[in-house]
Each structure stands twice: as C-alpha cells, then as structure tokens.
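Dear colleague,

Here is the structure I said I would pass on. My notes on it come after the file.

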Amino acid sequence: MKFLCIDCDTQMTFEERQQPGDGTFAASFACPTCGRRVAMLANPMETQLVSTLGVEIGGRTLDEQPLEFTRKAVAGRDDAFAEDSSPTAPRAPRPVWSSDAEERLTRVPGFVRGMVKKIYSDYARDRSIAEITPAIMDRAREELGLEGM
Amino acid sequence: MNHRTYFDVEGDDRSALGAQVGRQRARVTERLRDVRRVVAIVSGKGGVGKTYVTVALARALARRSAVVGVLDADLQSPTVARLLGAAGPLRVADESVHPASGNDGIRVVSTDLLLDDGRPLAWRTTAGETHVWRGAAEAGVLREFLGDVAWGALDVLLVDMPPDTGRLADLATLVPHKLSAIAVTIPSDESARAVHRALSAARDVGVPVLGIVENMSGYSCGTCDTIGPLFTGNAGTRLAAAFDVPLLTRIPFVARGAATTWLPTALVDAVFPRVADHRSPSTDHRSPATE
C-alpha cells in the first residue's frame, strides 16, 4: 500500500508503528514535502489479518524467526518445540521480570506476547542482565527497534 | 477528484509488504532447492484413503532407499505423524525447525506435533471474525512448513493434502516448478465427481498429475486370493480416461493388514522410478533397493 499526500501529490514515507493496546495496530506516515503526518489505525481483526501474512507494515526490524507465525499463532502444546540445548557457549541464567515490567508486558496483544517476552528475555540473557525492568525494556526497544513493544 | 493508481505513484512501496512476501517465497524456493520433487496427494473429498496412500507410499519409497519427507497439509485433521511413528518436540536450531523422524527415517512435519491431544487447530487471538483471516493463517502455516523447516536433501517430499481443493492452489504458488500430484479415489460415482473437481483444480493451476489411485477397489478377506465387490463404480478408470493420465493402481480393502505398507510397484515407480534419473545427489552411492 502507498500513502499519498494529496496536496503535494507525493508518496508519504513510513515513520513508525505501534501496538498501543486493545489489538490496535498503528502505523504513521509523513509527507516528505510538507511534513503532514497521518496515522493508520487497524482494528483487531485487521491487525490479525496482517499478522497472518507474516509481514510488518514498514518492513521488519528483526529477522523472521523459523516458524515465527506458526509458533505465535497456533494455540498448541507448550513443549511443541525444543530449542537446541547445545549452544556453543554457556548462557546466563534466565532473567526475572520486575512487577512493573510484567505489567507493561500485559499491554502487548496476547497473540504476540510470548514472542515479545522471549525477545526481551534473550536480550537480557545475552547481556547477562539479571532483572528485566521497564528501563531495560526501553533500552532493548531502542537497540532492537521494537516500536510498540 | 480522480486518484491515480497504485502503479502511477512513483517510488518504492513504503509499507514494504510486497518485498516481504517476495522474500517469503524466495525462502521457500531456497529451502526446497535440494528437494527433487514435491508430490501432493489429493482427492477433493474425505474418506478415500489419502493419508493411507501417503504413508504407505512414503514407507515404500524409503525402503527403496529414497530420502523421503512428508508434510501434513491437512492442518485441521492431522494424522500423518502418528501413523509414521513421529513424535515431538520439534528441534529448533541453526535458524531452522528440524522435522521429526518417523518410521524408516522419514522426515515429518505436521500440526499433529504441535497440538494437544484431542484439541482442534485453534489460534491465539482475540481478534474474532475468524472467517476473514483463517484461510490466510492456514496458508501461512503451510508456507512456514515449507520454508522454515530444514528438510535437507530429499528425493521426494510428499504432501498429504486436506480434502478441499483450494490448498493445492496455495501449494502451486509456493512450489511452482517441482510440484506434481497423485489423485486418490474410491470406485463410486460420488467419489468420481469430487475427484474430478480436484483434478480440474490441479489442471487449472498447472500441476501435472502423475496418475490415479483407486483405493478400496474391492474387498479382500485376507485369507484367500479372491477380491470381492465393495463399492460399485469404476471411478479410477473414468478419471484416468477423462484426464489422460494413468490409473496407477487399484488397492483392495484388506480386512486384516489394511494398515500395512504394501503398495503396488507401479505406484512407487510413478514417484520414484528405478532408473537413476531420480536418485538424490546426496545418495548417489546407493543402488535402488529391490522389492
């Protein structure tokens, strides 16, 4: 899809996306000529439809993980997948979540919450961070480009 | 005011959706690069024995020293994994999901390995309006099963299709160059009509049909060589003539041993000829086994 600034007759550029809650997906675009900004707000059904395509409006910020859509979308058994248990280097212990961070995680739509939690957990483990707090989440968002998570 | 068309507006699509879909398809192509052929087992109706033929064919091929994978595309009624003795969990490593290993070393992926026993295929969402997006979601799972699973070098990837005809079009889009199909029918006129639609669907999307299998073609009590009547009709012969494809075999219903892996050589030959032109590059040292 393309967003066109009618006044300038110019294609708008993608700025950012967010998932502010309630299953809403938001993507903002701006006119590079006049600076006008618009936001596209998708309802939960529309958000789900885009999610089923395995794509992200504006492009992906993280590489797609194997069976990413299947793993986050299919309501199946918890032990359906086993991460390789023979990493080349020992990993740090699994971090704990502060109550503030857990509360913030609840604002993430349920169908992607597990994947988002894993992203933050992996971020923390890779850096030997023992506790995930909102500040750590902000840092991860910034470094990994996780807008809206 | 008159809007311009999408294509009239210059510049790349800033939503980047088209490019991502293109990469998804490219990933399927790359993943299946070392798979010699993909064969969909279709019927257009349920209850004709697609899964039985798929499983039996897979085991017959494996015993002929072919390297075989089975993708269970019947996402809502998956049975292949259990029939092939494959169990989870699926191992995730090297940016891939690795297939489960079933009988005779057959590589298997199925939603049967993901779902809790007795639970249907369901989705983690509160979005509602499932009729809008469920088809796309199932196509997404099929795409990932093809493109994200480390199938490795295979002589044959068999795809056990659901009863409906629509999924074949998805498969043909994702695997446009190495896909063919075998249609399974039972002798009845009703089956002939349904399978005719499936064969038409295959023809419409350009999928070559290797032939027809007429399953439950008579009844064998298992204690003598006599084949008695079971269904009336000759759907296999009619369909083969209508679509100018071979009737590969007729398989009788056998009271005892119906779930064995016996299959006529003609059917196995259709998928994996004894001649060397279908031998896997990774298995060239082997000689085709005799049956």
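Predicted model: local features only at pLDDT ≥ 70, side-chain atom pairs only at ≥ 80, totals over all residues.

Residues are numbered from 1 along each chain as its sequence is written, and chains are lettered from A and ligands numbered from 1 in the order in which they are written.

Confidence. pLDDT is the predictor's confidence in each residue, from 0 to 100. Chain A has a mean pLDDT of 82, with 89% of its residues at 70 or more. Helices (H or I, at least four residues) and strands (E, at least two) are DSSP runs, numbered from the N terminus.

Cores. A nonpolar core is a set of buried Ala, Val, Leu, Ile, Met, Phe, Trp, Tyr and Cys residues joined through C-beta atoms within 7 Å. A residue is buried if 20 or more other C-beta atoms lie within 10 Å of its own, exposed if 12 or fewer, and partly exposed in between, with C-beta atoms placed from the backbone. The largest core has 92 residues, of which Leu61(B), Val68(B), Val159(B) and Ala183(B) touch the most other members. Helix 2 (residues 50-63) of chain B contributes the most to this core, nine residues. Another core, of seven residues, lies apart from it and includes Tyr120(A) and Met137(A).

Strand 2 of chain B. Five of the five residues of this strand (residues 68-72) are buried, so it is largely enclosed by the rest of the structure. Val68(B), Val70(B) and Asp72(B) point one way, and Gly69(B) and Leu71(B) the other. Two strands pair if DSSP finds at least two bridges between them. Strand 2 pairs in the parallel sense with strand 7 (residues 154-160) of chain B over five bridges, with Val68(B) opposite Val156(B). Three bridges join strand 2 to strand 6 (residues 107-109) of chain B, also parallel, and there Val70(B) has Val108(B) as its bridge partner.

Helix 6 of chain B. The expected span of a helix is 1.5 Å times one less than its number of residues. For the 16 residues of helix 6 (residues 189-204) that gives 22 Å, and the end C-alpha atoms are 22 Å apart, which agrees. Its buried residues include Ser191(B), Val195(B) and Leu199(B). Just after this helix, Gly206(B) takes a positive phi of about 75 degrees.

Regards
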